[in-house]
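This briefing concerns the pairing of charged side chains and the exposure of the residues involved. Please consult the display below before reading the points that follow.

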Amino acid sequence: MSDQPDTTFKVSAKVLASLRPRYLTVFIGYGLDLADGGIPHEVPIDNIPFDLRLPNSEFTAIIDRTNGQIIGIEHYITEE
């Protein structure tokens with residue numbers, strides 16, 4: 001166990017659309033408390049896996065606390 005605080009955290013996210021070339025608008029914190037609709041965040045399209053780039057795709061974003069950038073993506077697994 002380390003005395004250092006975690007430098008990352010996980011938060012739900014939902015894709016809105018590609019409003020600018022090479023970027024996706026993603027709602028960070030989708031479904032959480034006061035930010036129920038999420039906070040729009042422009043993300044380089046290469047940071048999001050191909051199968052999650054469609055509008056309304058939901059995933060868990062791993063965010064670096066030091067710079068606020070998405071450093072990883074976890075897929076939601078849906079059971080049908």
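Arg22 counts as exposed, at 55% relative accessibility (exposed means over 50% relative accessible area, buried under 20%, partly exposed in between, with a 1.4 Å probe and protein chains only). The model is predicted: local features need pLDDT of at least 70, side-chain atom pairs count only at pLDDT 80 or more, and totals for chains, interfaces and linings use all residues. Residues are numbered from 1 along each chain as its sequence is written, and side-chain values use heavy atoms, with hydrogens and water left out.

- Arg22 and Asp46 form a salt bridge, with 3.0 Å between the closest N and O atoms (a side-chain nitrogen of Lys or Arg within 4 Å of a carboxyl oxygen of Asp or Glu).
- Asp46 lies in the loop between β3 and β4 and Arg22 in the loop between β1 and β2, so the pair ties together parts that are 24 residues apart in sequence.
- Asp46 is exposed, at 55% relative accessibility.

- Strands (E, at least two residues) are DSSP runs, numbered from the N terminus.
- Glu58 and Lys14 meet in a salt bridge of 3.9 Å, N to O.
- This pair links strand β4 (residues 58–64), which holds Glu58, with strand β1 (residues 8–20), which holds Lys14, 44 residues apart.
- Lys14 is buried at 15% relative accessibility, whereas Glu58 is partly exposed at 33%.
- Arg20 forms a salt bridge with Glu42, the closest N and O atoms being 3.5 Å apart.
- Arg20 in strand β1 and Glu42 in strand β3 (residues 39–44) are 22 residues apart.
- Arg20 is partly exposed at 41% relative accessibility, and Glu42 is partly exposed at 33%.

**Total**
- The structure holds 4 salt bridges, including that of Asp46 with Arg22.

Terms used
Helices (H or I, at least four residues) and strands (E, at least two) are DSSP runs, numbered from the N terminus.
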